[in-house]
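Reader: Hi! Could you walk me through this structure, starting with whatever I need to know to follow along?

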Amino acid sequence: MSQVITLPEVSSLTVVNSPIPERIPLRSALLFAAPFAAAIFLIHLFSSLWGAHLGYGYFRDEMYFLVCGRHLAWGYVDQPPMVALQARLAETLFGTSPTGVRIFSFAATGLTVLLTGLLTRQFGGRRPAQALAMASVIVAPVLLGTGNFLTMNSFEPCFWMGCMLVLVRIADGSAHPRAWLLFGLIAGLGIENKHSTVFFLLAVLVGLLLSPQRRLLASWFCAAGVALLVLVALPNFLWQWVHPFPTYEFLHNIGQSDKNLRRSPIIFLYEQIKILVFSTAPIWIGGIVWLGFSARARKWRFVAITYVVLLAAMIAMNAKHYYLAPIYPVLFAAGAVGLSQIARRESYVTAYAAIIGIAIFFTAPITLTILPPDRYTALTSLVSPDSVRMEKYTSPLPQVLSDRFGWPQMVQGFADRYNAIPPEARSKTGIFCSNYGEASAVNILGPAYGLPTAISGHVNYYFWGWNNYTGESMLTLGNNPADYKDLYDQVIDLGPFDNPWTMDFEHRRYFWLRHRKHPYSEDWPSLKKWN
């Protein structure tokens, strides 16, 4: 006999589905963040234009990057290729003015602010939290300062935060795992911008492995993303291989020298608070706590672990304090969300954001080029902004500002002495400089005076060679004529170079060196200076 089974009404059935991840729309967050990004871009643009009026010129590294951009390659002794490519592109589009070569850095700082707003929204923060996080990034002196000139450090937070935004979206399910491919592209470009991105990526890997998000690694898309990362970074690796890893030798030499000041872990942690400004400390420290312990942040736990691992690594390596700076925007985003969750009213968060925003009137004057040097020293005499300097070299202003003074006067001094040389010797005269800053100043500013190409054994100048100079007649800047007695038959002192605001070690004397005892072609290996 057949059996009849009666099914319950459809309305009484319980259908069990796996939870569907919430797709967090970022369009409104993007629109809200855009004015903040535009504001910081305009702040930097105004600062640079006004600084030029006050006498602030090229930063030392900017001239070097411009020269590197005229010798495009897949790598350099002291950096990957991207910053040289940016310098070349900026020079082509905007000319050789200091402000022109910085446009991309200004835009990169705006993008960092934009990504901070998106991360805040991704963590669940509303507009007050977004405003607080973005304001914190804008006023942080270390981020404000590195965004004000052409440097790898202005682009580094963009790549790190781009990676973080992709990962947190994959982790909470609001992005498909195929987004690992975007992660790989951004991370690879980050390595081509600055090699310290490798340490960030290793810290991310440890953070994922030590958190519940380790499951994200078990994906073919993850493997494909890592493969894309390696592919993008491969050209620079091959360049390093062909030139047997000069960057490693360069970093090793610095580590063995006394160039960088050594800090205790406590001092290093204190400097993190100082370079981010004290009023923002509750936000980023709160971000670590929220990411590390809040139940709502469990799916992003790896971010807190990433920071702790990276912090420990930087302390162990005696890194400069600003090496950690690119990680802080994600902590500002998390801290702003955590604060908004414990605040009774969103108006409290908005008020805090306004207070943080006002701090720009205190951090900008000590970070940007908006005060004449004499007024700067008077204003900052109590706060000592150079107290967190990272190298042994001293200067009347913080190094990032002092290194923008003196270059035109230095080159003018070379030109005056070059033109005073008798014509028969002048045609055979070259310029040798002991460091990349001096050589780059001559090569960027010197053509207007008709100066010959400057050579040097410092960093990548060593690879560019001696320009077929024999050493029969050379101009140089040095400290003591005795330093050249064993190399030249005749050393003539041509007087001092001086500028009250330049780096202290740049107060030197011009020398005319005659009849080198051995040609540069023989001595060049001994002139290599990679530190």
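Author: Happy to. The expected span of a helix is 1.5 Å times one less than its number of residues, and helices are DSSP runs of H or I with at least four residues, numbered from the N terminus. This is a predicted model, where local features need pLDDT of at least 70, side-chain atom pairs count only at pLDDT 80 or more, and totals for chains, interfaces and linings use all residues. Residues are numbered from 1 along each chain as its sequence is written, and side-chain values use heavy atoms, leaving out hydrogens and water.

Reader: Great! What span should the 28 residues of helix α1 have, and how far apart are its end C-alpha atoms?

Author: Helix α1 (residues 27-54) should span 40 Å, and its end C-alpha atoms are 41 Å apart, which agrees.

Reader: Where in α1 is the kink?

Author: At A33, shortly before the proline P35, with a bend of about 30 degrees. That bend is the angle between axes fitted to the seven residues ending there and the seven starting there.

Reader: And which residues of α1 are buried?

Author: A29, F32, A33, A37, I40, H44, S47, S48 and G51. Buried means under 20% relative accessible area, exposed over 50%, partly exposed in between (1.4 Å probe, protein chains only).

Reader: Switching topic: is Q256 buried or exposed?

Author: Q256 counts as exposed, because its relative accessibility is 63%. Q256 is found in helix α12 (residues 246-256).

Reader: How far is its C-alpha atom from that of N531?

Author: The C-alpha atoms of Q256 and N531 are separated by 9.4 Å, with the two residues 275 residues apart along the chain.

Note on methods. Helix = DSSP H or I, 4+ residues; strand = E, 2+ residues; numbered from the N terminus.
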